[in-house]
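Subject: Structure handover

Hello,

Here is the structure for your work, with my notes on what was found in it below.

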Amino acid sequence: MSIRITQNNCVGCGRCIEACPGNLIKKDAQGKAVIKHISDCWGCTSCLKECKTGAISFYLGADMGGAGSTLSVKSKGDIREWCVTSPDGSVQVIEVNKKDANKY
Ligand code: SF4
Ligand code: SF4
């Protein structure tokens, strides 16, 4: 399991840095998030859920039925958009209202 940070989408808010229990994410000289030791990431997805801009992608391997797809999250107010991008570039978006998170 691993993540990738797309620095063009990073606004340097630092939320992922605070969220990572392994202290794996730092800021580079430009104030953008960077993960240095990717092999130490155990895929907890804490950083993914904190990033409002979708800058962090989570690799969905075959063991998760992802077949190479990636998952990213964007937030707008109470709405989280979970975006699954397939290797062919197609994107599926699942919207979840955070206020409904404990309803199920
Ligand atoms: S997935 Fe978890 S362990 Fe990996 S970088 Fe994000 S917060 Fe850290
Ligand atoms: S949470 Fe997203 S936007 Fe904020 S520093 Fe991390 S990668 Fe950048």
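Glu81 is buried, because its relative accessible area is 14% and the cut-off for buried is under 20%. In this predicted model, Glu81 forms a salt bridge with Lys76, with 3.5 Å between the closest N and O atoms. Lys76, by contrast, is exposed at 54% relative accessibility.

That pair belongs to a set of three salt bridges found in a search of the whole structure. Another one joins Lys99 to Asp78, where the closest N and O atoms are 3.2 Å apart. This pair links distant parts of the chain, 21 residues apart: Lys99 sits in the segment after strand 7 (91–97), and Asp78 in the loop between strand 5 and strand 6 (79–85). Lys99 is exposed, with 63% relative accessible area, while Asp78 is partly exposed at 32%.

Glu50 and Arg15 also meet through their side chains in a salt bridge, at 2.8 Å from N to O. Here too the partners come from distant parts of the chain, 35 residues apart, with Glu50 in helix 2 (residues 46–50) and Arg15 in helix 1 (residues 15–19). Both ends are partly exposed: Glu50 has a relative accessible area of 26%, and Arg15 has 34%.

On the strands: strand 4 (residues 56–60) is largely enclosed by the rest of the structure, because four of its five residues are buried. Strand 4 runs antiparallel to strand 1 (residues 3–5), and three bridges join them; Arg4 has Ser57 of strand 4 as its bridge partner. Strand 4 also pairs with strand 5 (residues 69–76), again antiparallel and over three bridges, and Leu60 has Ser69 in strand 5 as its bridge partner. The loop between strand 4 and strand 5 contains Asp63, which is exposed at 66% relative accessibility. From Asp63 to Cys41 the C-alpha distance is 17 Å, with a sequence separation of 22 residues.

There are two ligands to look at. The residues around ligand 1 include Ile3, Trp42, Cys20, Cys41, Cys44 and Cys47, and by class that shell has nine nonpolar, three polar and no charged residues. Around ligand 2, the residues include Ala33, Ile56, Cys10, Cys13, Cys16 and Cys51; this shell has eight nonpolar, three polar and no charged residues. Of the cysteines named, Cys13 is partly exposed at 48% relative accessibility, and Cys44 is partly exposed at 32%.

How many disulfides does the structure hold? The number is zero.

Regards

Terms used: Residues numbered from 1 in each chain as written. Chains lettered and ligands numbered in written order. Predicted model: local features only at pLDDT ≥ 70, side-chain atom pairs only at ≥ 80, totals over all residues. Heavy atoms only, no water. Near = heavy atom within 4 Å. Nonpolar A, V, L, I, M, F, W, Y, C, P; charged D, E, K, R; others polar. Disulfide = S-S within 2.5 Å. Buried < 20%, exposed > 50% of the residue type's maximum accessible area, 1.4 Å probe, protein only. Helix = DSSP H or I, 4+ residues; strand = E, 2+ residues; numbered from the N terminus. Pairing = 2+ DSSP bridges. Salt bridge = Lys/Arg side-chain N within 4 Å of Asp/Glu carboxyl O.
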